[in-house]
Amino acid sequence: MRTIGFVVNPIAGMGGRVGLKGTDGKLAQARERGARPRAPDRAREALDAMAATDTDVTLVTYGGVMGASAAREAGFDPEIIGESEAGPDAAVGETTAEDTRAAVRAFLDRGVDVVVFVGGDGTAVDVAEALGESGVPVFGVPAGVKVYSSVFGVTPRAAGRVAATFEEVTDGEVNDIDEQAYREGEVRSELHAVVTVPRAQQRQSSKQLAGGTVEAVAEGVAEEVRPGVTYVLGPGGTVGAIKSRLGFDGSPLGVDVWRDGELLVADAREDEVLDSLGDENVIVVSPIGGQGFVFGRGNQQLSPAVIRQCETEIVASRQKVDQLGVLRVDTGDADLDERLRGWHRVRVGRFERRLMEIV
């Protein structure tokens, strides 16, 4: 019998597709832009995978949107040991970080074997704070905009499987960045905690900052730009060099849309990207260093609806490629993820490309 404490941050990830690069303090703005909750669906995916392992699990959770609703939808009969201060019928947006911390403290009092949370790096910080020096393992279901800490499964389903079946543990870093600085194009990363996590191949690594020169990659992309084609340029330093080569100051941590020498949209939301697409479209994106994610981490504006209408060009420095080994995707659309898996040509120089597999 494994007792799992399960808590959901219902607003995690809502700011991603609408271009806010996070939801901390931006929920109202995210809603004005048409954002929809993402975490409940991710929670359900993880719980479905957990149930499919046939492990004898007792699921302990908080009421309503903080876990109980998703648990019941997945067929569990959860033990509910608390609720948000807003009450059992709290809506998305009415729960708080203190509710998350209170849930984790209640899990510890209950004596759970592992704490599973649904959220991003900010949620991971809250969970780690509540865990303190308990040593209880923790594992994250990736649902936030920023998912850079090494405490998450590579996908929600992987997180559910690992949480139910892991046998060994190791250390994992909880990192977070200043969201306001992030929105202004500056990465200020801070190590908040080192926690105990399951040892598993399906646990993602911590993000590494880009290294090495990318000028040749940028030159190669710029030389092959095709007239009439719409280019959707993702975040990051490598693609940032391409934006500079194309003659504009791009959004370092946002998505920009460019065609025929004109910047159509800067720091675009998902709907703005979709509105700007033409007959031919190319997404240019670079995998996250240390993790290998091409889609689903920090670039949720590149949604399944966008990806399906575009070709994809993956670019990376040789140094990054050498460190990664494989690539990953986590778009939130299982059919699209499956379609994207396989071997892809990654531009690593002005002319050179290297085959890498999306797993």
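Helices (H or I, at least four residues) and strands (E, at least two) are taken here as DSSP runs, numbered from the N terminus. On that basis the protein chain of this predicted model has 13 helices and 16 strands. Of its 359 residues, 56% are buried.

**Whole chain**
- The protein chain exposes about 14,700 Å², and carbon and sulfur atoms supply 42% of that area.
- Counting contacts in the protein chain between residues at least 6 apart in sequence, 68% link residues at least 24 apart.

**The seven-stranded sheet**
- Seven strands form an open sheet with mixed pairing, in the order E10-E9-E8-E11-E13-E15-E16.
- Its edges are strand E10 (262-265) and strand E16 (353-358), each of which pairs on one side only.
- From one strand to the next, the twist averages 35°.
- Strand E9 (residues 256-259) runs antiparallel to E10 and is joined to it by 3 bridges.
- Val257 has Val265, in E10, as its bridge partner.

**Helix H9 and its surroundings**
- Helix H9 spans residues 237-245, and its residues Thr238, Val239, Ile242 and Lys243 are buried.
- Viewed down the axis of H9, the buried residues fall within an arc of 145°, so they line one face of the helix.
- The cover over these buried residues includes two helices, H8 (215-223) and H12 (318-324).
- Strands also contribute to that cover, among them strand E8 (230-233), E9, strand E11 (281-285) and strand E13 (311-315).

**Arg42, a buried arginine**
- Arg42 sits in helix H2 (residues 39-52).
- Its relative accessibility is 2%, and because buried means under 20%, Arg42 counts as buried.
- Leaving aside residues up to four places away in sequence, Arg42 touches Val118, Val141, Pro142, Ala143, Pro156, Arg297, Asp330 and Gly332.

**Phe351, an exposed phenylalanine**
- Phe351 lies in the loop between strand E15 (342-347) and E16.
- Its relative accessibility is 56%, and because exposed means over 50%, Phe351 counts as exposed.
- Phe351 and Val217 are separated by 134 residues in sequence, while their C-alpha atoms are 8.0 Å apart in space.

Note on methods
Residues numbered from 1 in each chain as written. Predicted model: local features only at pLDDT ≥ 70, side-chain atom pairs only at ≥ 80, totals over all residues. Heavy atoms only, no water. Pairing = 2+ DSSP bridges. Axes fitted to C-alpha atoms, helices over the stretch in contact; angles between N-to-C directions. Buried < 20%, exposed > 50% of the residue type's maximum accessible area, 1.4 Å probe, protein only. Contact = heavy atoms within 4.5 Å. Arc of directions from axis to C-beta. Areas by Shrake-Rupley, 256 points an atom, 1.4 Å probe, with all protein chains shown as cover.
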